[in-house]
Amino acid sequence: MAEVQDQAAVAGAPSPPETAAAAVLSFRAQPLYDGPVVPLVEFTSASNTAAVRLDPGDDARALLPHLAGLRLIEVAFPKYRDGRGYSAAAILRAAGYAGELRAAGDVLLDQVVFMRRVGFDSLAPATPLDRAAVDAALARFPFVYQPAADGRTPVWALRHG
Amino acid sequence: MYSYDAYDQAIVDARVDEFRDQVARRLANEITEDQFKPLRLMNGLYLQLHAYMLRIAIPYGTLSAKQMRMLAYVARRYDRGYGHFTTRQNIQYNWIKLAEAPDLMADLATAEMHAIQTSGNCIRNISSDQFAGAAADEVADPRPYAELLRQWSSFHPEFSYLPRKFKIAVIASDTDRAAIQLHDIGLQLVRGPGGNLGFRVYVGGGMGRTPMIGHVVRDFIPVGQYLSYCEAILRVYNRYGRRDNIYKARIKILVHELGAVEFTRQVEAEWAEMEPLGLDAPAAEYDRIRAQFAEPDYDLAASDGIDRGDPDFALWLDQNVHPHKQPGYAIATISLKPVGGIPGDATAEQMDLIADLADRYAFGEIRVTHSQNLVLAHVRKADLYSLWAALAEADLATPNLDLVTDIIACPGLDYCALANARSIPVAQQIAERFASLDRQHDIGELKIKVSGCINACGHHHAGHIGILGVDRKGEEAYQLSLGGSGAEDASLAKILGPGFSEAGVVDAVEKVIEAYRTVRTGPDERFLDTYRRVGDAPFKAAVYG
C-alpha cells in the first residue's frame, strides 16, 4: 500500500496518504479532485456538486448539459467484465468533457490500456496496482488501429500522413 | 493477399511479448488461474477436457502457402501432428502445453498470424466468402473491407468487454456462402442506386440456444462510412445488451426485445452522433489494402477445355469444382471429409502438400470454408487433373462437396469442456452409412450439421438436417431437426420429435432420407426444397410412425 501511495504522489496526486484516494493513479497534469462524489440520481435532483458517479446502468448523456460545471466524473466498474463504462467515457470525451474522468472499482492491469484510450485519466482500482507495471502495460503497444478519446493517431493516418 | 507492414507486425509482436509476460506470471504463480483465464482467452487459449486448446485466427478464411506451412509446423512441433479447421474459418489445436504457448505465438507472428480475439467477449475473427475474388457473381472483392474490419476491431478499446462475443461476416454476392444472416452483424456488399458500393447491414442473427435470423437495419451504407456505422451498432449493444444472463447476452436478444424498428432507430441516432467524429478510415487506406488483393497474374491464354476421360476425376470435377470469373480458370474445393475421418481435420503432411499445390497451381493462396473444407480459388482448368491426382494420393479428393457425407461437426465431447455429447462419432457413422458415392449422388445436396451442445458450434440450426447432442439423465442423446439453411434463403431447422441414442439417430437420419427419396418430385428437388414443400409430416411418419 505504501509503495502505491508513493507512486501516486510522484504522479502529482495531492491526496494525503491516509485517504482512500492515495491509491488513485493519476495521468493528469492537474491535481486529482478530492471532494465528495454523488451518484447520478442525487446529482440530477440537487446539482450543487462538482463530482458525480456513474454506475454501469446510468446514461452518461444525462450529464451532457452539466459538463462545464463538473470537475470529476467517476465511472464505476463493479466487475471488470462489465464494459459499459468504456462507452460512458467515450461519450463524455466526445462531448467535450475535459475534467477528471476516473475509472473506479474492479480495475485490473490488463484493462488499463483500454481505459486510457477511451479517455480515463485517473484510475481508482479496488485492489492497488503497481504503477511501474501499469506504465509498462501502457507503453507496450507502439501503435493503435483506431481513433479514440486519447487522441493517438491511428495506423491508417500514419500510413497516409 | 494482405501482407503486414511494419505497423501490423509491431502490433502483433507486442502482443506476443505481452502474452509471454502473462504466461510467465501464471507459471510463477504470481497470478491465479482465475486472473489468468480472461488473459489467455483473449489469446485464444482454452482449457479443455485433456489439455489446452489454441484457436488461431485465419482472417476472412484466407491463408498463404507460407502460412499453411506454419500451421503444419505448429501441428508437428506443438501438437500431435494435426489441426482442426473450424466453422469460423479458423484452426484449432487440441494438445497445447501452456509453457510452450508463447513460443508458438512467436512462431505464428513470423508468418503474420496470431490468435488475437479468437475468444472472449469481443469482436471475433471476421469471416467471409471462400470464393471471394474468384466468384463470377460478386460485385467486388469483399476481403479488403474484411481486412479493414480486422484492423478496426483489433484491440478496440470500447468494445473489448462486450456483453458477449460478437461475430461479423462480409460477403459480396447474392449467393451467401458465409451464413451472414446468422451473424451478429452480416454485411453484404451491394451497388447502390448511383452505382456506388455500399453495404446492406443485417444485425441480430445467431445460433446458440436461441437461434435467430438477422434483420436488415439498413439497405445501404456507403463503404466510406461502414466502420462508423458498425461502431454505432456496437455502442448500442455495449450499452444496452443484457448482462444479467449469459444466455441472453448476445445482440440478437437485444434486437428481439427492442424490436428491429426501435433497435434500428437507436443505431441511427447513435450513428448521427458518431459519424462526424472521424472514425472511418480514409479511401486511401482502403485503396492501399485493395491493392494487395489485386487480381492474380492470370494466364490469358488458359484453355477452357477439360479432359473428362478419367471417370473418378469427372466425379470430383462435377462435385468439387465451381466456375471462376476468369476464362480458363476454376475454383477447386478440397474436401476435409473423407468417409470415416474427422470433419475439418488435416494432418501436418496434408497441410504441407496443400501448401505446395497452392504454390504450384493456385498463386500460393488457400481458403478455409465455414463448412470445414479448403479451397484453391484460382486454378487453371488445364491443371485440374494434375491437382486432383495429387490430392487423391493424400486422401484429399473425396468428391462429396455439399453431399450427405460433407458433414459439419464441432469437436464435441471428445475434446470440448462444454459438450454434452460426442459429435465426431455421429458424423463418422452417418458418413459410413452413406459411403456409396452412387447413393450420395442420388440423394443430392444435403447439409448435415452436428453440434455436441446447445452452443451450436456445429451449426445444427442451419442444417438441412441438424443434430444436437444433449445430456439425458447422464446419457448422451441426440435431437433431430429438419429444414435449416445458412444460405441466402436462411431458415432455422425445426425439431422433428423425441430424441435418440447414438445408434438411433443414425438410423433416424437414414429413415428421413429414404422418406425424402419417396416424396421428392424428382432427383432435381433438393432435400431442403422437398421439406419446405411437404412439411415434416412424412418425415415424422417415417421416423416415429
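Helices (H or I, at least four residues) and strands (E, at least two) are DSSP runs, numbered from the N terminus. Every view below shows a predicted model, in which local features need pLDDT of at least 70, side-chain atom pairs count only at pLDDT 80 or more, and totals for chains, interfaces and linings use all residues. Residues are numbered from 1 along each chain as its sequence is written, while chains are lettered from A and ligands numbered from 1 in the order in which they are written.

View 1. Helix 5 covers residues 143-153 of chain B. A residue is buried if 20 or more other C-beta atoms lie within 10 Å of its own, exposed if 12 or fewer, and partly exposed in between, with C-beta atoms placed from the backbone. Of the 11 residues in helix 5 of chain B, 11 are buried, so the helix is largely enclosed by the rest of the structure. Among them are the charged-type names Arg143(B), Glu147(B) and Arg150(B). Tyr145(B), Leu148(B) and Trp152(B) are also on the buried list. Just after the helix, Phe155(B) takes a positive phi of about 60°.

**View 2. An open sheet in chain B.** Five strands line up in the order 1-2-5-4-13, with antiparallel pairing. Two strands pair if DSSP finds at least two bridges between them. Strand 1 (45-47) and strand 13 (345-347) of chain B are the edges, each pairing on one side only. On average, neighbouring strands are turned by 30° against each other, direction ignored. Axes are lines fitted to C-alpha atoms, for helices over the stretch in contact, and angles run from 0 to 180 degrees between N-to-C directions.

**View 3. Strand partners within the sheet.** Strand 2 (residues 52-56) and strand 5 (residues 91-96) of chain B run antiparallel, joined by 4 bridges. Tyr52(B) has Ile96(B) as its bridge partner in strand 5 of chain B. Helix 3 (residues 65-78) of chain B packs on the sheet, touching strand 4 (82-85) and strand 5 of chain B. The direction of helix 3 makes about 15° with that of strand 5 of chain B. Strands 4 and 13 of chain B pair in the antiparallel sense over 3 bridges. There, His84(B) is partnered by Asp345(B) in strand 13 of chain B.

**View 4. The hairpin of strands 4 and 5, chain B.** These two strands pair in the antiparallel sense over 2 bridges. Phe85(B) stands opposite Ile91(B) in strand 5 of chain B. The hairpin has 5 residues between its strands. In the turn, Gln89(B) has a positive phi of about 65°.

**View 5. Surroundings of Ala103(A).** Ala103(A) sits in strand 5 (residues 100-105) of chain A. It counts as buried because it has 29 C-beta neighbours inside 10 Å. Two residues are in contact if their C-beta atoms, placed from the backbone, lie within 7 Å. Not counting residues up to four places away in sequence, Ala103(A) touches Val75(A), Phe77(A), Gly85(A), Met115(A), Phe120(A), Leu123(A) and Ala124(A). Leu72(A) is 31 residues from Ala103(A) in sequence and 11 Å away in space, C-alpha to C-alpha.

**View 6. Where chain A meets chain B.** The contact takes 25 residues from chain A and 29 residues from chain B. Helix 3 (84-94) of chain A gives the largest share of the chain A side, with 5 residues.
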